[in-house]
Amino acid sequence: MSENINELIENLRNIGFGHRKDFGEQIQNIAYRIMEKTRIGKRDDVFYLLLRTFSANQKPFPKALVEPFKPNYDDGVFKSCIYAFLSGVLGGEE
């Protein structure tokens, strides 16, 4: 299972990197809110903020980004996945 989680985390980072230009300044304005909601385990709020960001930019919500919200993943996996996505969106060049 950890191998699948490692692949999911890497995939989410790549998805974030791929959407960096799509979101521009908007994601940077809410990234810290998403990080804080993730830190305290507010999955519903994180999902809403991400969904709203994708919708506002008229981009389809990636199926892989739904995965960490499933109840079979504990909070540690959830946080790692969301942080990986955000690191792709906010991070430096590949």
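Predicted model: local features only at pLDDT ≥ 70, side-chain atom pairs only at ≥ 80, totals over all residues.
Colleague: How are helix 3 and helix 4 oriented to each other, parallel or antiparallel?

Modeller: Helix 3 covers residues 25–39 and helix 4 covers residues 43–56, and they pack at an angle of about 165° with axes 9 Å apart. Angles over 145 degrees count as roughly antiparallel. So the pair is roughly antiparallel.

Colleague: Which residue classes make up the contact of helix 3 with helix 4, and how many of each?

Modeller: Helix 3 passes helix 4 in a left-handed crossing. The helix 3 side brings Q26, I27, I30, R33, I34, K37 and T38, and helix 4 answers with D45, V46, L49, L50, R52, T53 and A56. Sorted by class, that contact comes to four charged, three polar and seven nonpolar.

Colleague: And helix 4 with helix 6, parallel or antiparallel?

Modeller: Helix 6 spans residues 75–90, and its axis comes within 12 Å of the helix 4 axis, crossing at roughly 25°. Anything under 35 degrees counts as roughly parallel. These two helices are therefore roughly parallel.

Colleague: How many charged residues are in the contact of helix 4 with helix 6?

Modeller: Here R43, V46, L50 and F54 of helix 4 meet D75, F78, I82 and F85 of helix 6. By class there are six nonpolar residues and no polar ones, and the charged count is two.

Colleague: Is F54 buried or exposed?

Modeller: F54 is in helix 4. Beyond its neighbours within four places in sequence, F54 is in contact with H19, F23, K59, P60, F61, P62, L65 and F85. Buried means under 20% relative accessible area. F54 has 1% relative accessibility, so it counts as buried.

Methods: Residues numbered from 1 in each chain as written. Heavy atoms only, no water. Axes fitted to C-alpha atoms, helices over the stretch in contact; angles between N-to-C directions. Helix = DSSP H or I, 4+ residues; strand = E, 2+ residues; numbered from the N terminus. Parallel < 35°, antiparallel > 145°, perpendicular 65-115°, else oblique. Left-handed = near helix turned anticlockwise from the far one by under 90°. Contact = heavy atoms within 4.5 Å. Nonpolar A, V, L, I, M, F, W, Y, C, P; charged D, E, K, R; others polar. Buried < 20%, exposed > 50% of the residue type's maximum accessible area, 1.4 Å probe, protein only.
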